[in-house]
Amino acid sequence: MSNFDELLESYKEEFLRDLDELLKIRSVSADGEEIPQQALRWMLDKAESFGLKTKNVDNIAGHAEYGDGEKLCGVLTHLDVVPVNAAEWSCEPFALTRKNGRMYGRGVADDKGAALAALYCLRALKESGASGNRVRVIFGTSEEIGMQDMQTYFESEPLPDLSFTPDSEYGICRAEKGIMHLEIISEKANNTALMQFEAGSANNVVPDTAFAILDCSDYEEHNLQRLADAAGPGAFDLRFTIDGLKVTSHGKAAHACEPEKGVNAAAALAEIICAVLGTEAVGDLCTFINYCIGKETNGRSMGIKMRDAVSGELTLTLSRVHITEREARAVVDVRYPVSFLEEVVLYQIKKVAAREGLTVRLIDGEKPLSLDESAPIVTALTTAYKNVTGEEPELYTTGGGTYARMLGGKGVAFGPVFPGDDSRIHNSDESIDEENFFKHFRICLEAMNEMMKA
């Protein structure tokens with residue numbers, strides 16, 4: 001074994017103990033900043049214990065650093081995670097579980113596992129006596145809710161000359177679609193029979209559950225039950241409450257960059273209640289959801305179906321719904337091809353919504369990213385991947401949103417998940433193949449070493 005191989009092998013048991021400890025920090029950024037900040041402090045304390053230089057930037061991001069060369073290289077990771085529905089998990093979400101050759105836990109693949117591995121790689125560079133450019137492993141705490149962490153970090157810290165984020169898949173992601181999160185609002189509460197509709201807990205996840213409380217007749221209840229039965233076992237539950245008939249929809253969660261892999265519980269619920277109660281009874285927003293979004297994932301009914309040769313098809317996800325007797329709003333996640341403009345897509349959505357008396361507010365957005373195949377970081381990562389695997393990495397594009405788009409065209413997403421490994425990111429039972437993960441560990445170290453020498 002090489003010196004690097006020996007070091008990583010010697011770290012393995014310690015790394016697994018640390019990963020379990022890190023996963024136990026319930027750093028769901030959608031629930032507030034306090035626990036993600038705790039995860040950041042934990043990581044910086046760990047880095048200091050390895051003898052690495054650290055910096056905490058406004059308690060929202062930070063880094064560990066090694067090297068003293070002219071160039072600055074970066075590995076960008078995040079310590080926040082998306083919410084969990086513990087009832088859907090086969091093991092404890094906030095802990096490391098190893099079974100059947102896989103490692104399970106919220107964040108094990110997205111992105112705590114890779115974050116901790118990158119820190120250990122920095123330790124290995126130090127302990128092996130490697131020299132060259134400065135390498136920073138940068139940790140964020142709000143990647144899942146808009147990346148304000150990196151915006152704040154780079155207000156006071158320089159952009160790296162070369163960088164990657166291990167927050168996607170192998171090979172090398174050279175392009176990322178543009179992203180918008182939009183809130184669609186009805187200014188008038190005209191849902192006479194729909195007392196409440198709730199779905200979703202994050203803007204970038206296909207909701208796996210949704211419920212509505214209805215003021216409906218026995219005849220309407222009978223028809224709802226009939227449609228629920230026709231949808232198949234487990235799709236819907238109906239029960240009476242003190243407030244009315246509660247209809248619960250069960251779907252399948254998925255990351256909004258791949259909404260076709262999920263089953264949108266909110267869209268299915270809107271469809272069934274619109275079919276039985278009618279548009280006037282459910283109100284403008286629920287009607288709009290059903291007719292202009294529905295179960296589609298390509299935005300066709302909104303008039304925004306589009307694609308390009310580099311990054312493929314636009315996706316649209318209904319991610320959150322909140323309707324009461326006083327207010328009605330929903331959130332959609334839009335991921336558009338790299339050759340299109342945000343303004344064009346937004347204009348069309350606003351135009352369609354305005355026809356139905358609805359307004360649209362841009363919550364946040366990220367411009368597309370596209371790098372040439374000959375970019376220096378692509379060359380460095382190609383060398384690293386070949387050195388470990390003996391194979392050429394595929395260059396691909398994604399609808400996912402990573403820190404790479406914050407890096408001024410000098411960074412890409414690279415690992416940690418290998419093609420064909422269903423890691424169930426943003427879903428229940430998130431996991432990663434253990435053997436492949438430690439292969440990623442070795443590739444990550446090789447990539448950081450290549451950047452030191454660049």
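Residues are classed as buried when their relative accessible area is under 20%, as exposed when it is over 50% and as partly exposed in between (1.4 Å probe, protein chains only). The structure is a predicted model, in which local features need pLDDT of at least 70 and side-chain atom pairs count only at pLDDT 80 or more, while totals for chains, interfaces and linings use all residues. Residues are numbered from 1 along each chain as its sequence is written, and side-chain values use heavy atoms, with hydrogens and water left out.

The chain contains eleven helices and 26 strands, taken as DSSP runs (helices: H or I, at least four residues; strands: E, at least two) and numbered from the N terminus. Along the principal axes, the C-alpha atoms fill a box of roughly 75 × 45 × 40 Å. Of the 454 residues, 61% are buried. With contact defined as heavy atoms within 4.5 Å, 76% of the contacts between residues at least 6 apart in sequence join residues at least 24 apart.

In soluble globular proteins, nonpolar side chains tend to be buried together. Nonpolar cores are here sets of buried Ala, Val, Leu, Ile, Met, Phe, Trp, Tyr and Cys residues joined through side-chain atoms within 4.5 Å. The largest has 69 residues, and Phe15, Phe139, Phe164 and Met448 have the most contacts inside it. Beyond four places in sequence, Phe15 touches Gly113, Leu116, Ala117, Tyr120, Phe437, Phe438 and Phe441. A second, separate core of 56 residues includes Phe236, Leu238, Leu318 and Val345.

Helix H8 (residues 284-293) is largely enclosed by the rest of the structure, because eight of its ten residues are buried. These buried residues are Leu285, Cys286, Thr287, Phe288, Ile289, Asn290, Cys292 and Ile293. Gly294, with a positive phi near 60 degrees, follows H8.

Leu314 lies in the loop between strand S18 (312-313) and strand S19 (315-323). Leu314 is buried, at a relative accessible area of 0%. Outside four places in sequence, the contacts of Leu314 are Lys177, Thr297, Asn298, Gly299, Ile304, Met306, Val334, Arg335, Tyr336, Pro337 and Val345. For Arg335, the separation from Leu314 is 21 residues in sequence and 5.5 Å in space, C-alpha to C-alpha.
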